[in-house]
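Please keep the sequence and the structure at hand while reading.

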Amino acid sequence: MASAFPGSERCSICNELLTDPADHMGVGRITDDHSDPLHAHNHAHFHRTCLAVWPRLSGLIEDLERLNAEARGEDDKIYRTVMDLVTLRAKAA
Ligand SMILES: [Zn+2]
């Protein structure tokens, strides 16, 4: 695990350091499949405020929902990440 948070991780959207735990979201390991577009987001960290206005947020949610369906509920971490992102998007709308 590469996490000495706070202060050592950078936001995948704005590339600034993440210093506020309340404005942080990490997605952890998403997939080992290198051909999956989600592989690029493995262990990504974000500002919640950046995610909320990120044009690709809906695409990320759709990809994670697909992965969640494929996992058939065996990986509830993905499900929780999806729910977290959906809530974030709803609040930003
Ligand atoms: Zn950011």
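Where is His43 found? In this predicted model, His43 is found in the loop between β1 and β2, and although His43 is not a glycine, its phi is positive, at about 60°.

**Positive phi values**

- His43 counts as partly exposed because it has 14 C-beta neighbours inside 10 Å.
- Asn15, which is found in the segment before β1, is a residue other than glycine whose phi is likewise positive, near 70°.
- Asn15 has 8 other C-beta atoms within 10 Å and is therefore exposed.

- Thr31 lies in the loop that runs between β1 (25-26) and β2 (45-46), and because Thr31 has 20 C-beta neighbours inside 10 Å, where 20 or more are needed, it counts as buried.
- When neighbours within four places in sequence are left aside, the contacts of Thr31 are with Asp36, Leu38, His39, Asn42 and Leu67.
- Thr31 and Asp75 are 44 residues apart along the chain, and a separation of 11 Å lies between their C-alpha atoms.
- Asp32 also lies in the loop between β1 and β2, but with 8 C-beta neighbours inside 10 Å, where 12 or fewer make a residue exposed, Asp32 counts as exposed.
- The C-alpha atoms of Asp32 and Cys14, residues that are 18 apart along the chain, are separated by 25 Å.

**The largest nonpolar core**

- The largest nonpolar core comprises 11 residues, namely Cys11, Leu18, Val27, Ile30, Phe46, Leu51, Trp54, Leu60, Leu64, Ile78 and Leu85.
- The elements that contribute two or more residues to this core are α2 (57-71) and α3 (76-92).
- Leu85, one of the core residues, is in contact with Leu51, Leu57, Leu60 and Ile61 once its neighbours within four places in sequence are left aside.

**Packing of α2 and α3**

- The axes of α2 and α3 come within 9 Å and cross at roughly 155°, an angle over 145°, so α2 is roughly antiparallel to α3.
- The crossing in which α2 passes α3 is left-handed.
- On the α2 side, the contact is made by Leu57, Ser58, Leu60, Ile61, Leu64, Glu65, Leu67, Asn68 and Ala71, while α3 provides Ile78, Tyr79, Thr81, Val82, Leu85, Val86 and Arg89.
- Sorted by class, the residues in the contact of α2 with α3 are 11 nonpolar, 3 polar and 2 charged.

How values were computed: Residues numbered from 1 in each chain as written. Predicted model: local features only at pLDDT ≥ 70, side-chain atom pairs only at ≥ 80, totals over all residues. Core = buried A, V, L, I, M, F, W, Y, C linked by C-beta atoms within 7 Å. Helix = DSSP H or I, 4+ residues; strand = E, 2+ residues; numbered from the N terminus. Contact = placed C-beta atoms within 7 Å. Axes fitted to C-alpha atoms, helices over the stretch in contact; angles between N-to-C directions. Parallel < 35°, antiparallel > 145°, perpendicular 65-115°, else oblique. Left-handed = near helix turned anticlockwise from the far one by under 90°. Nonpolar A, V, L, I, M, F, W, Y, C, P; charged D, E, K, R; others polar.
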